[in-house]
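Please look over the briefing below alongside the model.

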Amino acid sequence: MSKEIACKEEEGPLGKLIVVPKGLYNVVPDTTTISGVDPKGEHTIYRGYTIADIGEHADFYEAAHLFLYGKLPCEEEYKEIKKKIDTYRAQIPEKVLDALRYVPKTHPMYYGAYGVTLLGQYYGTDWRFDDDFLYEHALRLIAQLPVIFTAGWHLANEGTIIRPDPNLSHGKDVLRMIVGRMPSDLEARAFESTLVLYMDHGFNASTFTVRVIASTLSDMYSAIAGGIGALKGPLHGGANERALKMLLDAKARAEAAGKPLEEYIEEYILEKLAKKERIMGFGHRVYKIHDPRTDVAAKFIKQLKDGEWWLKVMKKAEEVMWREKKLPANIDFYTGVLYYQLGIPVPMFTPIFAMGRIVGWTTHYIEQVKNNRLIRPTEKYVGPTGLKYEPMEVRCKK
Ligand SMILES: CC(C)(COP(=O)(O)OP(=O)(O)OC[C@H]1O[C@@H](n2cnc3c(N)ncnc32)[C@H](O)[C@@H]1OP(=O)(O)O)[C@@H](O)C(=O)NCCC(=O)NCCS
């Protein structure tokens, strides 16, 4: 299959067919007022603000309000969204958590998709499309998804569940549930900032999946379960844990070779590139020069454990990748390191991406259903034609 990048027009049974580039490269399937990704990274927009501005300064509730309701909240609005998210976080049905005890002990992303589907069985069966209903369910999902992921993770490992505390802020409580200790304010702020940086990013693969499911007028829970499935892949959200694993592998090899990692990383990357391997945490479908989210994450990495040293290693890796492949580092390269500094178990990295992106997913769901047309492209069949059915005893004797 080729990677052609131009559209072509052909005659088809419904009139002119527009044949678009593979992977929908540079294709615009709809407009949105939620976020826009700038290829140069300078003007990536969250509802009119730059992503770096909101990522560095807004807390979880402010950013969630900005996405869902289109504006940063004032005092009363802030109190209300905070109260709802904190209350919902602690109100997850006990039976949903119980059900997680009886499934195979697998990667926490499976628990997420399964748990959200279960929540849908509690809340999503008589689905409606009026505003109050949609926004309440969005807030419920935003609040409860982290509880499902963390419960799944701890059940699979220690067999216990760490319960949410509605008196803590969302970011701090979620980090506490993940690491099983009370984080410092700096750790909580760094973690929360990554949730905000992950909240939305145009029509990325998981968000587009959510929009496709929304366009069938299925319920929000089913759409989010689909989004989690798309995010799990190594070319999308799965990259943050693979990027960190790669750095840890390089670190172990550097130690074995008695070399400092900040020097050894060049040799390590060159070896992988020579074997035609992808370097996880580099490259992006839209960003070809710079991912602005990395600047905000770097500010927090610097303040956390071994921050200056990690940044030195990362800068070297970026220098090599730019020189060799003209590929910039993406957010996953940075969050991988930041989560490691916070002592977060590696399999929880992609679930954390989902805990932020759930805000974008639910907002896109609402935007799609409010101005809907079924998303259903047309295929171009290029397989054989004219075959005729023959019974097994005839077709298998040939
Ligand atoms: C994100 C990604 C899927 C974008 O893909 P894309 O726009 O479809 O680009 P392609 O996969 O077609 O790659 C284009 C070229 O760059 C190369 N390339 C892209 N990312 C690369 C990487 N991380 N390491 C090495 N080479 C890479 C590809 O091998 C390809 O080379 P080729 O044309 O010689 O085959 C891709 O950059 C990637 O796989 N990155 C690693 C995973 C990752 O970090 N994902 C998180 C994204 S936020």
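The notes below begin with the basis of the model and then go through these topics.

This is a predicted model, in which local features need pLDDT of at least 70, side-chain atom pairs count only at pLDDT 80 or more, and totals for chains, interfaces and linings use all residues. Residue numbers start from 1 along each chain as its sequence is written.

**Domains**
- The protein chain splits into domain 1 (50-234 + 346-370) and domain 2 (239-341), with bounds from an automatic or database domain assignment.
- Between the C-alpha centres of domain 1 and domain 2 the distance is 27 Å.

**Contact between the domains**
- Domain 1 contributes 16 residues and domain 2 contributes 20 residues to the contact; two residues are in contact if their C-beta atoms, placed from the backbone, lie within 7 Å.
- On the side of domain 1 that touches domain 2, at least two residues each come from helix H1 (51-57), helix H8 (185-198) and helix H16 (349-370). Helices are DSSP runs (H or I, at least four residues), numbered from the N terminus.
- H8 gives the largest share of that side, five residues.
- By type, the residues of that side of domain 1 are 11 nonpolar (Ala, Val, Leu, Ile, Met, Phe, Trp, Tyr, Cys and Pro), one charged (Asp, Glu, Lys and Arg) and four polar (the others, Gly among them).

**Valine 313**
- Valine 313 lies in helix H14 (residues 307-325).
- Valine 313 counts as buried because 21 other C-beta atoms lie within 10 Å, the cut-off being 20 or more within 10 Å, with C-beta atoms placed from the backbone.
- Apart from neighbours within four places in sequence, valine 313 is in contact with Leu261, Glu262 and Ile265.
- Glutamate 263 is 50 residues from valine 313 in sequence, and their C-alpha atoms are 7.8 Å apart.

Conventions
A residue is buried if 20 or more other C-beta atoms lie within 10 Å of its own, exposed if 12 or fewer, and partly exposed in between; C-beta atoms are placed from the backbone.
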